[in-house]
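Here is a friendly walk through one protein model, written for someone meeting it for the first time. Have a look at the sequence and the structure before reading on.

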Amino acid sequence: MLVGGGTLKKSKKKPKGTSAATWTAVGVAAPSHAEQLAADAAAADAIIASTAADREKAAEAEDEAPEMVDADGVLRMGSGAKAGLQSAADVAAAIKKKQDEEKREAEQVMKKMGSAAQDTIYRDASGRIINVAKKRAEAQQKAEEEERKKREKEKAARGDVQNAEAERRKQQLKDAKTMTIARYADDTELNDELKERGHWNDPASGFLRKKKAGRSITGKPLYKGPFQPNRYNIRPGHRWDGIDRGNGFEKQWFNSRNRKADIEKLEYQWQQDE
């Protein structure tokens with residue numbers, strides 16, 4: 001076997017007077033070491049020459065590329081600033097000028113295209129155009145209707161006293177818009193409001209307050225006879241027949257409070273006796 005891909009073939013003919021076989025070379029013989037080095041050097045030179053040619057070609061293309069030159073013949077960069085050494089203020093001014101010009105050009109294009117280019121056309125599954133403004137108005141009206149129903153439901157869940165108190169606070173806020181900041185002793189409304197306030201430690205307050213005899217906060221008449229006390233001190237209406245139809249919770253609540261107070265009083269007395 002030869003190194004360069006050639007092979008040795010054994011000859012079938014034997015010359016006379018010899019007993020050993022003879023061999024003949026088949027194929028191309030392997031190049032020598034010097035030839036291999038020369039071939040490698042030639043390939044390297046070819047690669048270097050090709051690279052240098054590509055660089056020269058790219059440089060020529062860059063030189064031939066169009067430059068951004070304005071009307072004054074000044075070379076400018078893509079941002080609009082001048083090329084070369086300059087101050088930061090000049091660079092900022094040039095960039096702002098370029099942005100303003102681009103903005104004006106965009107506005108002119110939009111003006112030429114008209115408002116139709118700004119509005120998006122929506123279509124349904126069948127391809128018909130959807131009126132977006134109408135849909136938005138319907139959605140807003142539906143939201144307002146739901147909000148109104150919610151307020152009415154909350155108002156219906158409250159009692160007459162709570163609703164009357166809410167109306168009174170609303171009226172106070174409305175009156176506060178025209179009310180002066182400083183209120184003096186001759187303010188009739190303020191004096192009436194102070195007289196209506198109850199003070200548990202003022203025995204003469206009953207002579208000053210203007211009580212609505214037999215009337216509730218809502219203005220309805222009240223029951224004038226005796227009745228079972230409750231936690232909120234609410235008097236029955238004038239149509240009550242005097243029969244307690246409750247489940248007895250109010251009575252149990254008072255009994256529990258009284259029993260707790262009695263136990264605390266007895267515990268205190270026992271501690272004093274010890």
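What follows is a short tour from the overall layout to some single residues.

## Ground rules

This is a predicted model, so local features need pLDDT of at least 70 and side-chain atom pairs count only at pLDDT 80 or more, while totals for chains, interfaces and linings use all residues. Residues are numbered from 1 along each chain as its sequence is written, and side-chain values use heavy atoms, with hydrogens and water left out.

## The overall layout

The protein chain has seven helices and four strands. Helices here are DSSP runs of H or I with at least four residues, strands are runs of E with at least two, and both are numbered from the N terminus. Read from the N terminus, the order is β-β-α-α-β-β-α-α-α-α-α.

Of the 274 residues in the protein chain, 4% are buried. Buried means under 20% relative accessible area, exposed means over 50%, and partly exposed is in between (1.4 Å probe, protein chains only). Among the contacts in the protein chain with a separation of 6 or more, 12% are between residues 24 or more positions apart; a contact means heavy atoms within 4.5 Å.

## The loop between α6 and α7

Helix α6 covers 205–208 and α7 covers 249–273, and N233 sits in the loop between them. N233 isn't a glycine, yet it has a positive phi of about 55°. Most residues other than glycine have a negative phi. With 62% relative accessibility, N233 counts as exposed.

N230 is in the loop between α6 and α7 too, but at 18% relative accessibility it counts as buried. Leaving out residues up to four places away in sequence, N230 touches E250 and F254.

## Aromatic pairs

How many aromatic pairs does a search of the whole structure find? There are two. Y223 and W240 have ring centres 5.1 Å apart and planes at 80°, so they form an edge-to-face pair. Both Y223 and W240 belong to the loop between α6 and α7, 17 residues apart. W240 is partly exposed, with a relative accessible area of 26%.

W253 and F254 make another edge-to-face pair, with 5.1 Å from centre to centre and 85° between the planes. W253 has a relative accessible area of 28%, so it is partly exposed, and F254, at 25%, counts as partly exposed as well. For the cut-offs: rings of Phe, Tyr and Trp (its six-membered ring) pair if their centres lie within 6.5 Å, and planes under 30 degrees apart count as stacked, over 60 as edge-to-face and the rest as tilted.

## The second largest pocket

The second largest pocket has a volume of about 460 Å³. It is lined by 15 residues, and V161, S216, I217, L222 and I234 lie nearest its centre. On a 1 Å grid over the protein atoms alone, a pocket is an open set of points where a 1.4 Å probe fits, with protein on both sides within 12 Å along at least five of seven lines; lining residues have an atom within 4 Å of a point.

By class, the lining has six nonpolar, five polar and four charged residues. Ala, Val, Leu, Ile, Met, Phe, Trp, Tyr, Cys and Pro count as nonpolar, Asp, Glu, Lys and Arg as charged, and the others, Gly among them, as polar.

Is N163 buried or exposed? At 14% relative accessibility, N163 counts as buried. N163 lies in helix α4, which spans residues 160–176. The side chain of N163 reaches the backbone oxygen of K155 at 3.3 Å. Setting aside neighbours within four places in sequence, N163 is in contact with K155 and R158.

R128 is in the loop between β3 (122–123) and β4 (129–130), and it is exposed, with a relative accessible area of 59%. The side chains of R128 and S126 are joined by a polar contact of 3.2 Å. Beyond neighbours within four places in sequence, R128 is in contact with Y122 and R123.

Notes: Polar contact = N/O pair within 3.5 Å; in protein donor to acceptor, adjacent residues only side chain to side chain. Points joined across faces, edges and corners; volume = space filled by probe spheres on them.
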